[in-house]
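Subject: Model handover

Hello,

Please open it first, then read the notes below.

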Amino acid sequence: MRTITTTADLAEFCRRASGAPYVTVDTEFLRERTYYPQLCLVQLAFPGDGKTDAVLVDPIAGDLDFAPLYDLFRDHGVVKVFHAARQDLEIFCVEGDVIPEPLFDTQVAAMVCGFGEQVGYETLVRKIARANLDKSSRFTDWSRRPLTEAQQRYALADVTHLRVIYEELKAQLDRSGRIKWVAEEMAVLKDPATYRVDPEEAWQRVRTRTNSARFLGIVRELAKFRETYAQTRNIPRTRVYKDDALVELASTKPATLNDLGRSRLLLREARKGEIAEGILAAVAAGQAADAASLPEVDGERDKMVVNPALADLLRVLLKAKAEAEGVAQKLIATASELDEIAAGRRDLPALKGWRREVFGEDALKLVAGQIALAARGSDVVLVPL
């Protein structure tokens, strides 16, 4: 097991990897105590001689410049293969302002190939690579040094088995003609906006039970302050206050420190000092905001009338389509999308791209009364009307 701790060695490895058709990538990181993930280790492998084609890159033990790796990520001649890539990509997007391209996520590919909903790496290792993973190092502290031999083996296995998994899934996709399906799914992962939270838009991630514009205006200001405070101090947003406390504050509208003291959900540290002052200022700003500047209420959603029976028929259709195509249901359409289709909404992911071909067209025909569902033996079939 080789560990890289210098920029020169990293550059040499990346130079050799640039001649390969793909490179597998994984990371180990911590983020329990920080807003941004703390990178602890990068694992890399490519199809090679079996001796020098897989390495650990240690940014903690060495003094590393990741520029050679970022250059490899920008090399369009080498596919960058991840499993469940979102958090790994966030690290590289934030730290290096780079998104690997071209990109392949084996979790998404496995869902397209019929391995189920959000299939785990361990399952794919067992089913495709015919191997077992040593899980003893899964929850270790990756920031501590030196790494044990067991930790190194565990980390390296995340990219060595991934080569076999990628090649098998890629072959299946080529045979089925569904490689473009996976390419469509990569669009969100490749968008830098996926990994950057604008404090001005942070309120949209907070679930509330009301669509009152004034209430949402206060939620917006509280979420904006929390996000800004957490980002500038690199602490988890939940260390400032959690969503349930934020919603409580928007409801009770505290105006003084004494009012904050009556909160049931606010952390003790948030009832004084900068956080307390920020909360009171945010609530005041939300209350004072001009009506025209308040968040727009989604009136269409309030008026949405869902026919439960029709939504259930769509669920039957989705299940039948998913089984026939060998694709995970959740990848085609979510439960909320089925309700929205039943209620008349049409600007939905389930009705676009490959999803429309597999499910959306027939879903619209079912809603329009142009087809019906019938049982034929153990199968559900479509009957034109």
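What order do the six strands of the open sheet have, and what pairing? The order is 1-4-3-2-5-6, and the pairing is mixed. Strands pair here if DSSP finds at least two bridges between them. Strands (E, at least two residues) and helices (H or I, at least four residues) are DSSP runs, numbered from the N terminus.

On provenance: this is a predicted model, so local features need pLDDT of at least 70, side-chain atom pairs count only at pLDDT 80 or more, and totals for chains, interfaces and linings use all residues. Residues are numbered from 1 along each chain as its sequence is written, and side-chain values use heavy atoms, with hydrogens and water left out.

Axes are lines fitted to C-alpha atoms, for helices over the stretch in contact, and angles run from 0 to 180 degrees between N-to-C directions. Strand 2 (residues 22-30) pairs with strand 5 (residues 79-82) in the parallel sense, over three bridges. Thr-24 has Val-81 in strand 5 as its bridge partner.

**Helices on the sheet**

Helix 3 (residues 86-96) packs on the sheet and touches strand 2, strand 3 (38-45), strand 5 and strand 6. Contact means heavy atoms within 4.5 Å. The direction of helix 3 makes about 85° with that of strand 2. Helix 6 lies across strands 1, 2, 3, 4 (54-57), 5 and 6, at about 140° to strand 2.

**Aromatics**

There are eleven aromatic pairs. The rings are those of Phe, Tyr and Trp (its six-membered ring), with centres within 6.5 Å; planes under 30 degrees apart are stacked, over 60 edge-to-face, the rest tilted. Tyr-35 and Tyr-36 form an edge-to-face pair, at 4.8 Å centre to centre and 75° between the planes. Phe-104 and Tyr-166 are also edge-to-face, at 4.9 Å and 80°. That pair links distant parts of the chain: Phe-104 is in strand 6 (residues 103-105), Tyr-166 in helix 6 (residues 149-176), 62 residues apart. Both are buried, meaning under 20% relative accessible area, with exposed over 50% and partly exposed in between (1.4 Å probe, protein chains only). Phe-66, Tyr-70, Phe-73 and Phe-92 form one aromatic cluster.

Regards
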